[in-house]
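The following account leads the reader through one chain, from particular residues to the overall fold and back. Please keep the structure in view while reading.

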Amino acid sequence: MGKFKLVVYSVVCVLIFSSCKKTIVPATLNNVVVKKKLDQFTEVQYGNMPLIISVPHGGLENPSNVPDRSCPNITTVSDSKTIEMALTIDSVCKADYGFQPYIVISHLNRIKLDQNREITEATCGNNNLNTIWNNYHFSIDTCITKITNKYPQALFIDLHGHGHTKQRLELGYLVNANELRNPATILASSTSYYNMLLPNSISTGTQFLTTANAFGTLMANKNFPSVPSAQDAAPAVGDLFFDGGFNTQKYTATLYPNVFGWQIECNFIGVRDNQTNRIKFAKAFLQSLMEFYSRNTIMQPSTFGK
Ligand SMILES: [Zn+2]
């Protein structure tokens, strides 16, 4: 910029100071999404919509100074590419909708610590891991507090990957396969969506998972087969099926009356296997969630991100 132009620009800025200043004012605090690493292995993002995505089993970090878990009857297999899935959901959400979810990620391999178990089984008694376990769960707790300070409810998703033969999403609402096959036996108050039913006057408590507005139905409509859904009401006898774990139980229980949600166990082929499919999944997931909020809850996506 030449000297004359600089003088003119400065004069113009002084004359209309407020409008010149506006161009350098950062986004308002409410719109700032904060990322934190609470320890070497626990990553948190504070978003700006009423959604928390927890990723307990995607971690690949295997520090040699942390012993492998070895207590009886434990599972140590990782959920491949689930961190990548959560990050893809985050970037697609930001690009397509202009707001972002809250996310809690464990980067520590499940062979070292299981962030979807109570602390004794999670650590197999290795007290050195207690702080890391607490950081993960305090983070979810903090996300819930932050969301419910602004919104009436929080939607909690515990994101996993399964290795079962049937390529479909397994949705865990704390309703087992036998109950899904006999929906009259479902006790709505023991499901992970019960806290949603109360303020939203949904009367189809036991049948909700196979209605047109159930999350599984909305995903299956977009070519991501899901069980339960209207299209696939229940696993067949003998099918392997995950119905929801520790995190889903803990964060949708009566201790968290403003939280509802479910576990998603993703199949690999067509969902997690490459970035093209992860983007397709993220778009279907977000579109289904927006439909879910609009049709089933008092929270409207037009109010998110503010
Ligand atoms: Zn898992």
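**A helix and the residue after it**

Just after helix α3, G98 adopts a positive phi of about 80°. Helices and strands are here DSSP runs numbered from the N terminus, helices being H or I over at least four residues and strands being E over at least two. This is a predicted model, in which local features need pLDDT of at least 70 and side-chain atom pairs count only at pLDDT 80 or more, while totals for chains, interfaces and linings use all residues. Residues are numbered from 1 along each chain as its sequence is written.

Helix α3 covers residues 82-97, and its 16 residues should span 22 Å at 1.5 Å a residue; the end C-alpha atoms are 22 Å apart, which agrees. The expected span is 1.5 Å times one less than the number of residues in the helix. In α3, the residues T82, I83, M85, A86, T88, I89, D90 and C93 are buried. A residue is termed buried if 20 or more other C-beta atoms lie within 10 Å of its own, exposed if 12 or fewer do, and partly exposed in between, with C-beta atoms placed from the backbone. The buried residues of α3 pack against the strands β3, β4 (102-106), β5 and β8 (259-266), and against helix α10 (275-296). Contact between two residues requires that their C-beta atoms, placed from the backbone, lie within 7 Å.

The wider setting is as follows. The chain has 10 helices and eight strands. An open sheet of eight strands has the order β1-β2-β4-β3-β5-β8-β6-β7, with mixed pairing. At its edges stand β1 (34-37) and β7 (226-227), each with a single partner strand, so one side of each is left without a neighbour in the sheet. Strands count as paired if DSSP finds at least two bridges between them.

Strand β3 (residues 51-55) runs parallel to β5 (residues 154-161) and is joined to it by four bridges. Within this pairing, I52 has F156 as its bridge partner, and I53 has I157. Strand β8 is also parallel to β5, and eight bridges join the two. Here H160 stands opposite E265 of β8.

Leaving out residues up to four places away in sequence, I157 touches I52, I53, S54, G261, W262 and I264. The largest nonpolar core has 68 residues, and those with the most contacts inside it are I52, I53, A86, V104, I144 and I157. Helix α5 gives the most to this core, with seven residues. Such a core is a set of buried Ala, Val, Leu, Ile, Met, Phe, Trp, Tyr and Cys residues joined through C-beta atoms within 7 Å. In soluble globular proteins, nonpolar side chains tend to be buried together. Over the chain, buried residues make up 42% of the 306 residues. Of the contacts with a separation of 6 or more, 70% are between residues 24 or more positions apart.

Y151 lies in the loop between α5 (130-148) and β5, and counts as partly exposed because it has 18 C-beta neighbours inside 10 Å. Beyond its neighbours within four places in sequence, Y151 is in contact with P50 and M299. Y151 and N258 are 107 residues apart in sequence, and their C-alpha atoms are 9.4 Å apart.

L174, in the loop between β6 (169-172) and α6 (177-181), has a positive phi near 65° although it is not a glycine. With 21 C-beta neighbours inside 10 Å, L174 counts as buried. N223, in the loop between α8 (215-220) and β7, is another non-glycine residue with a positive phi, of about 70°. N223 is exposed, with 9 other C-beta atoms within 10 Å. In the loop between β7 and α9 (246-251) lies P228, which a cis peptide bond with omega of about 0° joins to V227.

Finally, confidence must be considered. The mean pLDDT of the chain, the predictor's confidence in each residue from 0 to 100, is 90, and 88% of the residues reach 70 or more. Over residues 1-27 the pLDDT is below 50, and this stretch has four contacts in the model beyond near neighbours in sequence. Where pLDDT is low, the predicted coordinates should not be read in detail.
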